[in-house]
Amino acid sequence: MFDPDIAPSGTLLGLLQRGRGDGTLHALAAPRAEALAALNDSVLRDPRRDWQVENRSLYYARLYMQLDGGLEEIERHLFHPDDLIDTAEERTGLALAVLGHLASYGRDAARLLLRSYAAVGSNWRWALDELALRDDDAGLMGLAPAVLARFPETEEGEAALATAVRDAFEPRPWRLWAEDARYAGRLAAAGEQGSFDRWQRQLRPRGPRPGWSVTEVLEWAQQGLDLHPEEHRHAAAARCLAAVAGPEDRPELLRAARGGPDAARAAALHHLAERGDPDVLGLIEDVAVDPLTAEPLTAAALASFERMRSVQAVDRARVWARREDQLGASAAAMLARRGGQRDAALVLAALRRTVRAEGPDAGGLWELVDGAGRLGVGCAAPVLRHVYRETSSSHLRGRAAGALAATDPGFAAGFAVECLWDCEETTRELAARHAATGDARVVEQLRRLAADPAEEAEVQTAVRSRFGPDASAV
């Protein structure tokens, strides 16, 4: 039921790993040593299902501040010998982001750790980006020798420097260093090389050329799959077909969609679905129910169906939604997005079936959870509460909270309260609009959110809209 790297949701560690508001509340009530141990474990072993989109850093930084936690464990993690071997951003990214927030809260030790790591660590770019937002000019200038020394003054080194300057997420340090006479010439040359590289890429497009026929576009799509199995060109090819295909090309596109090579078939299905071709629903069904169809082609066919917006597609979804396979799941997702009240029972059945079969982290839950809220399916509240508690995805938990706000009369006095401490800004915003103020903790937390300079503007706007222009009410 649980991901092996995620503790059960009823434990302090499990709550903190999930970024739930109850994690903060339980940590503040627990013995300090126990709370800090769970917090350090969460920061040093990134628990996020998708580290690139899920938020945890501000959530953990706030808890470090509230617990007055030291940074010794983070320091040992950053400067461990493993840093020389495991250079993936996932190993240190969360810890560096937490340090960035702590630096913005005035923790000088966090800023010094970031400077030290930017000078010698493998994930120095991330540390430099954090400092670019929080450090002063003098601190950044002090890093120039160490950072530039990473790039030897050879042809390969200068090329790597040009790439680093071109791809910098936060350009402030590089611009600051370029104003110093000691580094200006080298960085100016690196900037020019980066601009030249971008210009060269624009002059060497690998895609279709003007004047290509439908046949040539389909062949180009298949070549991408044949030469590079991980390169799926069917979506790009479908966009090209929109420009070159005319009514006279329909027979060729139908032939490709029925029995062409996989990538060409996927491109043709995508194009026909976007045009609402009367035969495309049957072709999609043929692909989806055939057990011999390769998984990428099945996924592409179902994605083409899910993008359709026609009445015919919704009607067909009502037929398919009772199936317990991928086609049924896609149909239920379409009804969740575009169906009406008559489809509430089908959406609820698919939601229950998915949770029962695949657990609270199933990929298909996102649309179904949203659909239960959009359609106001009141009897979905129990399963939505289960998803909220158990999922390890903070984004999915936020979607479940939104659905509960629309379906569960007890949400305002229940989950909405803990959501004020949630790791996701959209969930905190939802809570700021719904949490019942009869709980003294709610008013106190709303005051904190309104006064915290690190809080997102959308959350603070929600606080102000809740209490109106009278700031003293907060």
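At the start of helix α28, a side-chain oxygen of Asp439 comes to within 2.9 Å of the backbone nitrogen of Arg441. This contact, like everything that follows, is read from a predicted model. The helix itself runs over residues 440-451, twelve residues in all. From first C-alpha to last, α28 reaches 17 Å, close to the 16 Å expected at 1.5 Å a residue.

Which residues of α28 are buried? They are Val442, Val443, Gln445, Leu446 and Leu449. These residues cover an arc of only 165° around the axis, which puts them on the same side of α28. On the face turned away from the buried side, α28 carries the exposed residues Ala440 and Ala451. The packing partners of the buried residues are four helices, namely α4 (57-67), α26 (415-419), α27 (425-434) and α29 (457-467).

Beyond residues up to four places away in sequence, Glu418 touches Arg20, Gly21, Asp22 and Tyr388.

The loop between α25 (394-407) and α26 contains Ala412. Is this alanine buried, exposed or partly exposed? With a relative accessibility of 27%, Ala412 counts as partly exposed. Leaving aside neighbours within four places in sequence, Ala412 is in contact with Val417, His434, Ala435 and Ala436.

Another of the helices packed against α28 is α4. Tyr59 and Tyr60 are both buried. Across the model, the count of aromatic pairs comes to eight. The rings of Tyr59 and Tyr60 have centres 5.3 Å apart and planes at 65°, so this pair is edge-to-face.

The loop between α4 and α5 (72-78) includes Asp68. What is the phi of Asp68? The angle is near 50°, a positive value in a residue other than glycine. As background, most residues other than glycine have a negative phi. Asp68 counts as exposed because its relative accessibility is 57%.

Elsewhere, Leu365 has its place in helix α23, which spans residues 365-374. At 0% relative accessibility, Leu365 counts as buried. Not counting residues up to four places away in sequence, the residues that Leu365 touches are Leu351, Thr354, Val355, Gly359, Pro360, Val387 and Leu396. For one of these, Val387, the C-alpha atom is separated from that of Leu365 by 8.9 Å, with the two residues 22 apart along the chain.

Definitions and conventions:
Residues numbered from 1 in each chain as written. Predicted model: local features only at pLDDT ≥ 70, side-chain atom pairs only at ≥ 80, totals over all residues. Heavy atoms only, no water. Helix = DSSP H or I, 4+ residues; strand = E, 2+ residues; numbered from the N terminus. Expected span 1.5 Å × (residues − 1). Buried < 20%, exposed > 50% of the residue type's maximum accessible area, 1.4 Å probe, protein only. Arc of directions from axis to C-beta. Contact = heavy atoms within 4.5 Å. Polar contact = N/O pair within 3.5 Å; in protein donor to acceptor, adjacent residues only side chain to side chain. Phe/Tyr/Trp six-rings, centres within 6.5 Å; stacked < 30°, edge-to-face > 60°.
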